Amino acid sequence: MLLSTTALFCAELWPRKSTEYVLAEDGDSDVASASRFGIRAPVEDANIFSQLTFSWMSPLLKLGQHKQISEDDLWEVPSDCAPANIAETFDANWQHEIDHSEKRSPSLIRALWRTVGAHYVLGGCFKLAQDILSFSKPVVLSMILGFVASHKTDKPQPMSFGYFYAGCMLALQITQSIALNQSLQLGYVTAIKIKSSLTTAIYKKAVWLSNETRQKYKTGEIFTMLTSDVDSVARLSDHAHIFWSGPLQIILGTYLLYNTLGWSALASIVVMVASMPVNRGLTARMQVLKKEQRMNKGKRIALVGEALSGAKIIKLYAWERPILSKIQYVRESLELASLSKFGRMFAWASVSMTTVPFLVSFTTFLVYSAFDGVSHGPLNARLVFVSLSLFNLLRSPLTMLPKSISTLVDAGVAAGRIHKLLTSDELDVESVTRLESVRRSNRETLVQGRSNMDFAVKVSGGSFRWSSKDSVQLDNINLSALSNEHLAIVGRVGSGKS
């Protein structure tokens, strides 16, 4: 096993193709000389050890010692994170859902899972390793404190034990740091891929919306989807691991607390369970206020867009003050009011976050001192420090679980709106045939004769109506328009000129 690990380490350290990243020379006054925009990202050629330690970023960090980093100094985006490649992969997965819509309804979650599932699972593996390692440190801390306490007795432990425990603590800290940062990095990559996939899909869908569907989705609503809804779904990539990691951390922490303090650790469980409804109520209220604030923001964006598009009419009829007062009412009386309420609820949530861990530790130590104090010895430094370290580890899942539930609900609502847009009706591409046309003068047309390539627009037996629910406004229309002639369509209002 040791030989295979050493061979793998040597193989991975074998030099690979250079990224040709040139650092600025000492005293080089030309800032642009160090710019290497367009160079292949070194992370794509980095070995496994370079990726785990992020040492592939060293050239960029060294360059920052010589000059201020600018956009021209950055590498290309890795191919697996390029927006074009991500959008192409998601489009193929979403089209697969559409093609199989007869058997099952199209699922946005399944399409996203096929697009980013590999990074999510790998990030979950690192998260699992990080959780296990983080709860291993209190065990080693207990051994270290026991080693120190043994030297005050007649039977001290050998010094080699102390060095071994210290080395284990160092190795655990380094490995946990690597696992944590890799989990965060993969979470960020997953969020970027989700944003790129959904943003591109929404934009393409907005271009091909049918006339009837376009009446339901205004510009402000689509803009809200591109910003708030996409961000809500992308944030789920950071919080989704909490749904299995949080209970796992609580179980591990409770088990270790029971081994440390005995039945007195049940007092901490009682306080945790009692605090969950409070945290859940605060997060639910924050969720309602967040939705309200998002709706008010959409109203304001719609009003501003309507004012900008009709600026000429507003100036002509001198409607500036009424329009401005309407926008100010939505902004100040609705949007800022809901934002202020959200801020107050967030403050109460912060108080709960800081108060609950203190109550947990205080109640546990009080119960142990008053009713036990014998099963695991007196309340000494070893029991206190190990228990406090476990309480600090339990603080994260206790605070993040309610937030993750709120994030899940928010992401579900946002994903539902995006799914409704992506599955709405589109323009019928086959109803219009786009042929090659040639612009020629009248003389060339008379000499060479007229052909189909001379027509800019040609309608044969066309039927037109405003929506699928309305009756046909124009029927059996035949129209041929040359590329070099001027036409005028005359008719009453509502007769179908548009």
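**View 1. Glu292, a partly exposed residue of helix 10.** Glu292 has a relative accessible area of 32%, so it counts as partly exposed, the class between buried (under 20%) and exposed (over 50%), with a 1.4 Å probe and protein chains only. Glu292 sits in helix 10, residues 266-309. Look for Ser338 too: from C-alpha to C-alpha it is 6.7 Å from Glu292 in space, although the two are 46 residues apart in sequence. This is a predicted model, where local features need pLDDT of at least 70, side-chain atom pairs count only at pLDDT 80 or more, and totals for chains, interfaces and linings use all residues. Residues are numbered from 1 along each chain as its sequence is written, and side-chain values use heavy atoms, leaving out hydrogens and water.

**View 2. Trp208 and a nonpolar patch on the surface.** Trp208 lies in the loop between helix 6 and helix 7 (211-214). Helices here are DSSP runs (H or I, at least four residues), numbered from the N terminus. With a relative accessible area of 37%, Trp208 is partly exposed. Accessible areas come from the Shrake-Rupley method with a 1.4 Å probe, and for residues only the protein chains shown count as cover.

Definitions and conventions. Patch = residues over 30% accessible without salt bridge, like charges linked within 9 Å, V, L, I, M, F, W, Y side chains within 5 Å. Salt bridge = Lys/Arg side-chain N within 4 Å of Asp/Glu carboxyl O. Helix = DSSP H or I, 4+ residues; strand = E, 2+ residues; numbered from the N terminus.
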